[in-house]
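The sequence and structure are shown first.

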Amino acid sequence: LINFSNNQFYDDTLNIFPSPSTKPDNLGIKFKYIKDAVYIDRKNEREADEVVKAVIAHMENNIKESLLVATMNTNQRELIQEKFNMAIEGNSKVQFYLNKWEKQNTDVFSIKNLENVQGDERDVIFISFTYGKPPGVTKVMQGFGPINFPNGWRRLNVLYTRARKRIEAFSSMKASDIIIDEERGTNKGRA
């Protein structure tokens, strides 16, 4: 996971240790494209639903792995938190997961926006990229919040290096939806 940041942000100048593991199924970066999702009022409902389903599946099946959900803004964070709270009512496996980690005084699970993930580290991080096509529009708007700022890449760098084992990215846009302007230059965060 550090290799991505090394390549994208540090021009391969960092010395990183090779991985001692040979089990790639539960390591690395995974991408889930959410087709036909829409971005409206700084939220993405379908993406939030997919993230909540994945969180519950993780808690039911990966009791030993801590989890952080990161979103691109507070609106999406609040939406996912609300949907998660409703979805777990009466789910004893999820309660067992949360209680197990709470007894160890470990902050095992949280949902945070991009601005608040610095310093957090978990086994697994789910990223809700949030942005996408507004209703009735065929192109993704290129406003990516703080990522578009000159040092927006640093926020992404922090986010990508918080996972010990795996990142699972959820997005309703593809790389081809992001416009990179070679002539005028595109900030490093968007690129």
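In what order do the 5 strands form the open sheet, and is the pairing parallel or antiparallel? The order is 1-5-4-2-3, and the pairing is parallel; two strands are taken to pair if DSSP finds at least two bridges between them.

The model is a predicted one, in which local features need pLDDT of at least 70 and side-chain atom pairs count only at pLDDT 80 or more, while totals for chains, interfaces and linings use all residues. Residues are numbered from 1 along each chain as its sequence is written, and side-chain values use heavy atoms, with hydrogens and water left out.

**Overall architecture**

The protein has 5 helices and 5 strands; helices (H or I, at least four residues) and strands (E, at least two) are DSSP runs, numbered from the N terminus. Along the sequence, these elements follow the pattern α-β-α-β-α-α-β-β-α-β.

Of the 191 residues in the protein, 43% are buried, where buried means under 20% relative accessible area, exposed over 50%, and partly exposed in between (1.4 Å probe, protein chains only). The accessible surface comes to about 11,000 Å², and carbon and sulfur atoms contribute 49% of this area; accessible areas come from the Shrake-Rupley method with a 1.4 Å probe, and for residues only the protein chains shown count as cover. Among contacts with a separation of 6 or more, 80% join residues 24 or more positions apart, a contact being heavy atoms within 4.5 Å.

**The sheet and its helices**

Strand 1 and strand 3 (109-113) are the edge strands of the sheet, each pairing on one side only. From one strand to the next, the twist averages 15°; axes are lines fitted to C-alpha atoms, for helices over the stretch in contact, and angles run from 0 to 180 degrees between N-to-C directions.

Strand 1 pairs with strand 5 (residues 163-171) in the parallel sense over 6 bridges. Within this pairing, K32 has F170 of strand 5 as its bridge partner. Helix 2 packs on the sheet and touches strand 1, strand 2 (67-71), strand 3, strand 4 and strand 5. The direction of helix 2 makes about 165° with that of strand 4. Helix 3 (residues 74-87) lies across strand 2, strand 3 and strand 4, and runs at about 150° to strand 3.

**Aromatic pairs**

Rings of Phe, Tyr and Trp (its six-membered ring) pair if their centres lie within 6.5 Å; planes under 30 degrees apart count as stacked, over 60 as edge-to-face and the rest as tilted. By this rule there are 5 aromatic pairs.

F144 lies in the loop between strand 4 and helix 5, as does Y131, so their pair ties together parts that are 13 residues apart in sequence.

Y39, Y131 and F144 form one aromatic cluster. Y39 is buried at 15% relative accessibility, Y131 at 4% and F144 at 5%.

Leaving aside neighbours within four places in sequence, Y39 is in contact with N73, T130, Y131, G132, K133, P134 and P135. The C-alpha atoms of Y39 and M141 are 9.4 Å apart in space, although these residues are 102 apart in sequence.

**Charges over rings**

A charge sits over a ring if NZ of Lys or CZ of Arg is within 6 Å of the ring centre and within 35 degrees of the ring normal. K100 lies over the face of W101 at 4.3 Å from the ring centre, and K174 lies over the face of Y33 at 4.6 Å.

**Backbone features in the loops**

Most residues other than glycine have a negative phi. D36, which is not a glycine, has a positive phi of about 65°. D36 is placed in the loop between strand 1 and helix 2 and is exposed, at 62% relative accessibility. T130 also is not a glycine and has a positive phi, near 70°. T130 is placed in the loop between strand 4 and helix 5 and is buried, with a relative accessible area of 0%.
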